Amino acid sequence: MILRRVARPLLASIFIFGGIGALRDAQGHAKAVEPFLTDTFDKVEGIVPDAVPRDPATLVRIDAVVKVTAGLALAAGKAPRLASLALLGSLVPTTLAGHRFWESKDPAEKQQQQIQFVKNASLAGGLLLAIGDTAGKPSVGWRARRAAKKAGDFSEDLGKKAEKRAKKLRKKAAKALPGG
């Protein structure tokens, strides 16, 4: 549908653009999110495996690659539901780390961060719609329920056929027995 061919690239564009910007200035983005990351890693100490990088610049680069890759996939319509899910998974921590308006003392800065926070919440809504968009095809859940029903109907039919066959065999066996 033409709507999807237009909407997906439009939705993806901000993630691709933002991801490229983060790759170009990973250190600057890392400075902005470092307080959030430090606070978060302190809270989840012992829960998050040591293999997870703690360096803010590395995490910014990983996040940027996810945004660019998933954004391009969404724009191209390749695995759009999975791409949207990846973008949503990237958007939530980015929003919480980068737009903490509740911590801002300056009214102008606070208002700017609130606008960005709400913008990201709106993007999350668009991504949720994209995640749920089956492009006119039945959902996986519907297909699974339908397959289960068909399998149940098939096994029920087999059971009835087996019952009929067993009944016929009993009749034949009864006739074949002496006195039958």
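# Learning to read the helices, pairs and patches

Author: Arg-8 has a relative accessibility of 16%, and so counts as buried. One thing to keep in mind as we go: this is a predicted model.

Reader: Why does 16% make Arg-8 buried?

Author: Buried means under 20% relative accessible area, and Arg-8 has 16%.

Reader: OK. What does the side chain of Arg-8 meet in a salt bridge?

Author: For a salt bridge, you look for a Lys or Arg side-chain nitrogen within 4 Å of a carboxyl oxygen of Asp or Glu. Here the side chain of Arg-8 pairs with that of Asp-133, at 3.4 Å from N to O. Arg-8 sits in helix H1 while Asp-133 is in the loop between H5 and helix H6 (140-176), so this pair ties together parts 125 residues apart in sequence. Arg-4 joins in too: Arg-4, Arg-8 and Asp-133 are linked in a network of salt bridges.

Reader: How many salt bridges does the count come to?

Author: Seven, by that rule. Among them is the one between Asp-39 and Lys-43, where the closest N and O atoms are 3.5 Å apart.

Reader: Where do Asp-39 and Lys-43 sit, and how many residues apart are they?

Author: Both are in helix H2, four residues apart, which means about one helical turn separates them. Asp-39 is partly exposed at 30% relative accessibility, while Lys-43 is exposed at 63%.

Reader: And which residue forms a salt bridge with Arg-100?

Author: That would be Glu-103, with the closest N and O atoms 2.5 Å apart. Arg-100 is buried, with a relative accessible area of 18%, whereas Glu-103 is partly exposed at 43%.

Reader: What about single residues? Is Asn-120 buried or exposed?

Author: Asn-120 belongs to helix H5 (residues 107-132). Its relative accessibility is 4%, so Asn-120 counts as buried. Leaving out residues up to four places away in sequence, Asn-120 touches Leu-91, Thr-95 and His-99.

Reader: Which residues does Val-66 touch?

Author: With that neighbour rule again, Val-66 touches Gly-71, Ala-86, Leu-87 and Ser-90. You'll find Val-66 in helix H3 (residues 56-76), where it counts as partly exposed at 31% relative accessibility. Sequence and space can be compared here as well: Val-66 and Ala-7 are 59 residues apart in sequence and 20 Å apart in space, C-alpha to C-alpha.

Reader: Last one: which residues form a nonpolar patch on the surface?

Author: A patch is built from residues with over 30% relative accessible area and no salt bridge, and nonpolar side chains are joined within 5 Å. In this model, Met-1, Ile-2, Leu-3, Val-6 and Leu-10 form a nonpolar patch with about 580 Å² of accessible area together. Leu-3, one of them, lies in helix H1 (residues 2-24). At a relative accessible area of 56%, Leu-3 is exposed.

Note on methods:
Residues numbered from 1 in each chain as written. Predicted model: local features only at pLDDT ≥ 70, side-chain atom pairs only at ≥ 80, totals over all residues. Heavy atoms only, no water. Patch = residues over 30% accessible without salt bridge, like charges linked within 9 Å, V, L, I, M, F, W, Y side chains within 5 Å. Areas by Shrake-Rupley, 256 points an atom, 1.4 Å probe, with all protein chains shown as cover. Helix = DSSP H or I, 4+ residues; strand = E, 2+ residues; numbered from the N terminus. Buried < 20%, exposed > 50% of the residue type's maximum accessible area, 1.4 Å probe, protein only. Contact = heavy atoms within 4.5 Å.
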